[in-house]
Amino acid sequence: MSKPVSKPTETGPAPVNRRKLEARRRFLRTAGLAVGIAGVSLLGFIPLPENRAQRMRLRPPGALDEQDYLASCIKCGQCVQVCPVEAIKLGDLLDGFGNGAAYLDARTQACDFSCDGLQCVLACPTGALTHEIAYSHQTRMGFARLAKPELCLARLGLGFQGKVRDAAFDGKFRYAEIDRWNPIPVRNRDFDLELCDLCVRHCPIEIRRQQCAEGNPPSGDPDQCPPLPAISLEPLDDGSGQVRMTPVVHKGCVGCGACEMVCPTEPAAIVIDIDKTAEAV
Amino acid sequence: MNLFFESLAQLLGRAPRKPAKEQIKPAAQTIHFRKRGEKFDAAESAAMHAAHKSNKWRNRRWITLIAVNLLFVLSFSLDIQLLEGALTASRFLGFHMADLNSALQVTLAFKEVLINLLIGTVTIFLLWWLLGGRTFCSWVCPYHLVAELAEKIHLWLVDRNLIKGYDFHRGVRTFFYVTFGLLALVTGYTVFEFISPTGILSRALIYGPGLALIWVGALLLFEVFVSRRAWCRYVCPIGMTYGLVGLFSPMRVVYDLDGCRHEGECRKVCEVPHVLEPVLKGRATDASVPIGADCTRCGLCIDKCPTGSLRFEIKGLSKLL
């Protein structure tokens, strides 16, 4: 026996199969959810470096090329945890697919390589920071450039007295001559320089080269010695007789950002070009 | 009926099927037959539930979940280095551990098998294979905990007719699983990690909050006002990955048909009620039926059951003891 089926009449509305209608509504809802969530996930494309050059991030030592780095980084922050100067931060929502991926902001806190052994590289569980390098001078993070020569104190023939940056600046550095193991805020040091050479004297590569020249390679390991210079002050001769010097970046620069961090001018006269490496310049 | 394939089909999103009579084992048939003549007094059932108030497994689970996440947080903030990293990948006392789904996304995006990751993946696979697969979801995932709270608000609102809850087709989770896999493969980015509330919350707890929490908040609002436990039920590929592990896991919830009064209270508290299909009258295919792989082993149903018809079991171990 079949149930009576109401037939469409000219006066009444067409019959509605409630189950079918609900199934259809649910299908549409589900399709909406599928498109919605997948759509949101693709918003991660928007802030990528290739779409917006200014969002390029300085990556930790050993980082693979940006695309490979973002692919292989598992966004766990183990590199953050081992860095003695707490230089590494993790990307956020506005980094798109770089959400959770490690980066440095050189001006705030550069890498000073004082761990010697590239702890972040050793901590990386995926090799997004490649395990093929072991020493600071093998790193290719970027390349320093004197972006605002007109601000550079050395070029103006000026010295530097007092604290680097200002009293509120939190950037840290491990000065081997003060304390090998504890990073101290750079603001704790007073400088009195006849001609400003803060960038050169804070360059981890130059510090290492000097230690090696003195016969004390970092961690007692001669392999730690960088073969090439990274930065030096060279005389500027403008015929005025005043002593002026200019920082010159050499092939040994790895782009750690220490010079940018300590540059006392505002904005920093020397900056890191993230998309450049020693080989590419 | 093959329980393994039924479990897999349900995990992928198919609705549970009513077993044919010949698929029901004689032991279960006898009990079903007996129960057909029995009338369960609803008032008596209600009294049993009122007398049986237990949060044993929920409390154990919440303590575990908070302890694990706290261990991550303290390992970094106090520098005790027991459990370093975040839920996506970590080191426990120096041993590599990698979330299976995060490792999968990275491998698909990077298209290379990374050795350390492989070690961590095998460790975690063995761990969650032993512990039951989606056990990760309810016992470790921090999003699960906040989603449970959102669920309580949602149910409170629905109860008072202030809102209407909507459901979706569960098959959409399989769609997401394939889609996020393909997106990683094609784009070369770990697209899912961008929106994974598990990763975002874990990192926010350990490294400090960020803007990404806005997305987690939006998901929770959606679950409060629109759809109960939507992320865990319909979207999360992490749950799917661990569900696939759970297919083979010896650790599971088991349903005993004999003492059950079929009130259905267990299904009301369950995040994935389709796995509790056997508790419906006449559906159990055996006197004892293991619950499927989509089960998160959260134990809410066990807490709820006044007759002890649901219990945890480690396959093989009970026979051994």
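Thanks for having me, everyone. Residues are numbered from 1 along each chain as its sequence is written, and chains are lettered from A and ligands numbered from 1 in the order in which they are written. Because the model is predicted, local features need pLDDT of at least 70 and side-chain atom pairs count only at pLDDT 80 or more, while totals for chains, interfaces and linings use all residues; side-chain values use heavy atoms, with hydrogens and water left out.

Let's begin with the sheet in chain B. Strands here are DSSP runs of E with at least two residues, helices are runs of H or I with at least four, and both are numbered from the N terminus. The sheet is open, has three strands in the order β1-β2-β3, and its pairing is antiparallel. Pairing means that DSSP finds at least two bridges between two strands. At the edges sit β1 (83-86) and β3 (95-98) of chain B, each pairing on one side only. From one strand to the next, the twist averages 15°.

Now look at β1(B) and β2(B), residues 89-92, which pair over four bridges in the antiparallel sense. Which residue in β2(B) is the bridge partner of L83(B)? That is F92(B). A86(B), meanwhile, stands opposite A89(B).

Helix α4 of chain B, residues 56-77, lies across β1 and β2 and runs at about 100° to β1(B). For such angles, axes are lines fitted to C-alpha atoms, for helices over the stretch in contact, and values run from 0 to 180 degrees between N-to-C directions. In the loop between α4 and β1 of chain B you will find Q81(B), which has a positive phi of about 55° although it is not a glycine.

In contact, that is with heavy atoms within 4.5 Å, P197(B), I200(B), L201(B) and A204(B) meet L213(B), W215(B), V216(B) and L219(B). Nonpolar covers Ala, Val, Leu, Ile, Met, Phe, Trp, Tyr, Cys and Pro; charged covers Asp, Glu, Lys and Arg; the others, Gly among them, are polar.

Helix α8(B), residues 142-159, also packs with α12(B), at about 30° and with axes 7 Å apart. This crossing is right-handed. Among the α8(B) residues in the contact are Y143(B) and H154(B), and the α12(B) side includes E223(B) and F225(B). The classes here are eleven nonpolar, one polar and one charged.

Finally, aromatic rings. Rings of Phe, Tyr and Trp (its six-membered ring) pair if their centres lie within 6.5 Å; planes under 30 degrees apart are stacked, over 60 edge-to-face and the rest tilted. Over all chains, the count comes to 19 aromatic pairs. One of them, F176(B) with F180(B), is stacked, at 6.0 Å centre to centre and 20° between the planes. Being four residues apart in α9(B), residues 172-187, these two are separated by about one helical turn.

Conventions
Left-handed = near helix turned anticlockwise from the far one by under 90°.
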